Amino acid sequence: KMRLAALLAPYYLLNFLVIGSYAILRRSTISFDHANYYDPLGLQFELQISIVFGVTMFFKYLNSTTLISFIGTFMDGAKMYLIGMLLVADWRICIWYCLIVVLMAVFVREPPYEPASDVRSLDGESLGKLVLHSDTPDNRWLVIFTVPWSREHLPIIRQFYDLSLKKKFSKKIQFGKVDLSREYDLGAKMQIRLKKQFKEVPMLILFENGVEIKRVSLGDFTDHKTISVEF
């Protein structure tokens, strides 16, 4: 469950403001002349694309375990949708809109996505005790190794937490997370390269009885694959 107070964070308020500003920007692209009415986008085309976007978001909502996860997905999708619409309507306005979106992405950080779940924070000691050297039979862990400054990992983080809330997965597997900015030595130990060009963070590793079974990194999600499909 989500506390509505979370939506008062600057990140959400500014995003809602930017999305809502489309109505004003859209009206400025329409020419109201006494003799002619000119709309470069066209109401029918706009309505058709809006229906497609709405249906897409509906299915995203059905697949989201938490409301905050869906809101994050909706805002990202809505900004891309509006950029496309403004590009058709008036490319000059679209450029200014893109600039605002980029500035927000740089200077306004999304709050950490950590809903109520069974995801356990792990350090070097607990990773060794609970995951790598545990005597518990059928001990399965899916551990995500992240760094807080990367924005690219946010969609994967949402998937990870959503997956941990689904009973069919949580009954078979335990979920853990490691902050490599604090546990830097673990990155080297687990052979995870932190530099951005390698696209290895976030890294998800599946362990069974202390043995690594599979690992999936950021670079493996370029084709819109999901964690559940990869594992």
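User: In this predicted model, at roughly what angle do the axes of helix H1 and H4 cross, and within what distance do they come?

Analyst: The axes of helix H1, which spans residues 10-20, and of H4 come within 10 Å and cross at roughly 35°. H1 passes H4 in a left-handed crossing.

User: What makes the contact between H1 and H4, and which classes of residue does it have?

Analyst: On the side of H1 the contact is made by Tyr11, Tyr12, Asn15, Phe16 and Ile19, and on the side of H4 by Ile68, Ile71, Met75, Asp76, Ala78, Lys79 and Leu82. Sorted by class, this contact has nine nonpolar, one polar and two charged residues.

User: Why is phenylalanine 16 called partly exposed?

Analyst: Phenylalanine 16, found in helix H1, has a relative accessible area of 34%. Because buried means under 20% and exposed means over 50%, the value of 34% falls in between, and phenylalanine 16 is therefore partly exposed. Not counting residues up to four places away in sequence, phenylalanine 16 touches Leu7, Ile71 and Met75.

User: How do you know how H3 is oriented relative to H4, parallel or antiparallel?

Analyst: Helix H3, residues 43-62, packs with H4 at an angle of about 165°, and their axes are 11 Å apart. Angles over 145 degrees count as roughly antiparallel, so the angle of about 165° makes H3 roughly antiparallel to H4. The crossing of H3 and H4 is right-handed.

User: Which residues make the contact between H3 and H4, and what is their make-up by class?

Analyst: From H3 the contact is made by Glu46, Ile49, Ser50, Phe53, Met57, Lys60 and Tyr61, while from H4 it is made by Phe70, Thr73, Phe74, Gly77, Ala78, Tyr81 and Met85. By class, the contact of H3 with H4 has nine nonpolar, three polar and two charged residues.

User: What makes aspartate 90 count as buried or exposed, and where does it lie?

Analyst: Aspartate 90 lies in the loop between helix H4 (67-89) and helix H5 (91-107). Its relative accessibility is 15%, and since buried means under 20%, aspartate 90 counts as buried.

User: Which backbone atom does the side chain of aspartate 90 reach, and what makes this a polar contact?

Analyst: The side chain of aspartate 90 reaches the backbone nitrogen of arginine 92 at 3.0 Å. A polar contact needs its pair of N or O atoms to be within 3.5 Å, and the 3.0 Å separation meets that distance cut-off.

Technical notes
Residues are numbered from 1 along each chain as its sequence is written. This is a predicted model: local features need pLDDT of at least 70, side-chain atom pairs count only at pLDDT 80 or more; totals for chains, interfaces and linings use all residues. Side-chain values use heavy atoms; hydrogens and water are left out. Helices (H or I, at least four residues) and strands (E, at least two) are DSSP runs, numbered from the N terminus. Buried means under 20% relative accessible area, exposed over 50%, partly exposed in between (1.4 Å probe, protein chains only). A polar contact is a pair of N or O atoms within 3.5 Å; within protein, one must be able to donate a hydrogen and the other to accept it, and residues adjacent in sequence count only if both atoms are side-chain atoms. Axes are lines fitted to C-alpha atoms, for helices over the stretch in contact, and angles run from 0 to 180 degrees between N-to-C directions. A crossing is left-handed if the near helix is turned anticlockwise from the far one by less than a right angle, and right-handed if clockwise. Contact means heavy atoms within 4.5 Å. Ala, Val, Leu, Ile, Met, Phe, Trp, Tyr, Cys and Pro count as nonpolar, Asp, Glu, Lys and Arg as charged, and the others, Gly among them, as polar. Angles under 35 degrees count as roughly parallel, over 145 as roughly antiparallel, 65 to 115 as roughly perpendicular and the rest as oblique.
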